[in-house]
Amino acid sequence: MQPRNMSMSGVVDLAAVKAAQEAKAKAEQARAEAARKGGGGAVSPADLVIDVDEAGFEQDVLQRSAEVPVVIDFWAEWCEPCKQLSPVLERLAVEYNGRFVLAKIDVDANQMLMQQFGIQGIPAVFAVVAGQALPLFQGAAGEAQIRQTLDQLVTVAEQRFGLTGLTVDPEAEPGGQAAPAQVPAGPYDALLNAAAQALDAGDLGGAVQAYRNVLADDPGNPEAKLGLAQAELLQRVQGLDPQRVRKEAAEKPADAQAQIAAADLDLVGGHVEDAFGRLIDTVRRTAGEDRDAVRLRLLELFEVVGADDPRVTAARRALARALF
């Protein structure tokens, strides 16, 4: 059987997308908290290849896909091509060092999952990214083709969903975590207080720099990330003529920069859903660099509102649909 569907197109919704998106928000919070405490949240190489069944699918695949792309290998003991493909995928999962997790599903024991994914033959390989299922290929495939597809997968996961993968520590125990790293040194309380004072005084440039100083030493610091996103937003809208910006946005619905400026004003004015909806609609209307600029601004606005906000959860799902 020749491989087919060797591409990143064709995203479909799973029944539990909403649960996965909520898990994504919780995962982002957990990563930020671990970074604040200096913990690496590292996993063992053995944790990169897991056996999954129907009972554990939501947690092991859907929820896990909120942190890292999950590649699914549908196989069976009687399938000879599976015996050739599976070892390659397992070796690559370790080689990619946490950029994706390989979930192995025995179709004989998990018929419901096989039907849910619409699988007609095996081996069949899918990926799930932030709750979205992507068909990768069916049938035997050469290692060069597999690598190319995996490279596309991790790029999409990182650039479009902000999923940078897991930290792998060879010394970590399987199923556990490595010992927490030492908390980075730095006068964070003083810097964060200085940033807040600058923000209160209207010194947006000073606040931005203070938050960046924290993040230079502690990239995952949640207070600094949120503060920087808010300060940069206020800095962008400072000096804008709201009437002119909204007039231009109304006249040029496909103009990326006009819609970005209007979305910033929407958010500052407290119209969160309007800001998100405006940019998601613009993603649908644009392409290339314009589309990417709109997507990146939307991700920045997600940071301003906060990952645990249900409006961000809904907008992430809408963005995924618009992109694919």
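This briefing describes several helices of the structure and the contacts among them. The model is predicted. Two helix pairs are treated here: helix 10 with helix 12, whose axes come within 10 Å, and helix 11 with helix 13, whose axes lie 9 Å apart.

**Helix 10 and its surroundings**

- Helix 10 covers residues 256-268; its 13 residues reach 19 Å from first C-alpha to last, close to the 18 Å expected at 1.5 Å a residue.
- Because 10 of its 13 residues are buried, helix 10 is largely enclosed by the rest of the structure.
- Among these buried residues are Ala256, Gln259, Ile260, Asp264, Asp266 and Leu267.
- The partners against which the buried residues of helix 10 pack are helix 8 (222-237), helix 9 (242-251), helix 11 and helix 12.

**Helix 10 with helix 12**

- The axes of helix 10 and helix 12 cross at roughly 10°, which means that the two helices are roughly parallel, as angles under 35 degrees are counted.
- On the helix 10 side, the contact is formed by Ala256, Gln257, Ile260, Ala263, Asp264 and Leu267.
- These residues meet Asp290, Ala293, Val294, Arg297, Leu301, Val304 and Val305 in helix 12.
- By class, the contact of helix 10 with helix 12 comprises nine nonpolar residues, one polar and three charged.

**Val305 in helix 12**

- Val305 belongs to helix 12, which spans residues 288-305.
- With a relative accessibility of 21%, Val305 counts as partly exposed, since only values under 20% qualify as buried.
- Beyond its neighbours within four places in sequence, Val305 is in contact with Leu267, Val272, Phe276, Arg311 and Val312.
- Leu267 stands 38 residues from Val305 along the chain, and their C-alpha atoms are separated by 8.8 Å.

**Helix 11 with helix 13**

- Helix 11 (residues 272-285) packs with helix 13 (residues 310-323) at an angle of about 10°, so helix 11 is roughly parallel to helix 13.
- Val272, Glu273, Phe276, Ile280, Val283 and Arg284 represent helix 11 in this contact.
- From helix 13, the residues are Arg311, Val312, Ala315, Ala318, Leu319, Ala322 and Leu323.
- The contact of helix 11 with helix 13 has 10 nonpolar and three charged residues, with no polar ones.

**Helix 7**

- The end C-alpha atoms of helix 7 (residues 204-217) are 21 Å apart, which agrees with the 20 Å that its 14 residues should span at 1.5 Å a residue.
- Leu204, Ala207, Val208, Ala210, Tyr211, Val214 and Leu215 are the buried residues of helix 7; because they cover an arc of only 165° around the axis, they lie on the same side of helix 7.

Key:
Residues numbered from 1 in each chain as written. Predicted model: local features only at pLDDT ≥ 70, side-chain atom pairs only at ≥ 80, totals over all residues. Heavy atoms only, no water. Axes fitted to C-alpha atoms, helices over the stretch in contact; angles between N-to-C directions. Helix = DSSP H or I, 4+ residues; strand = E, 2+ residues; numbered from the N terminus. Parallel < 35°, antiparallel > 145°, perpendicular 65-115°, else oblique. Contact = heavy atoms within 4.5 Å. Nonpolar A, V, L, I, M, F, W, Y, C, P; charged D, E, K, R; others polar. Buried < 20%, exposed > 50% of the residue type's maximum accessible area, 1.4 Å probe, protein only. Expected span 1.5 Å × (residues − 1). Arc of directions from axis to C-beta.
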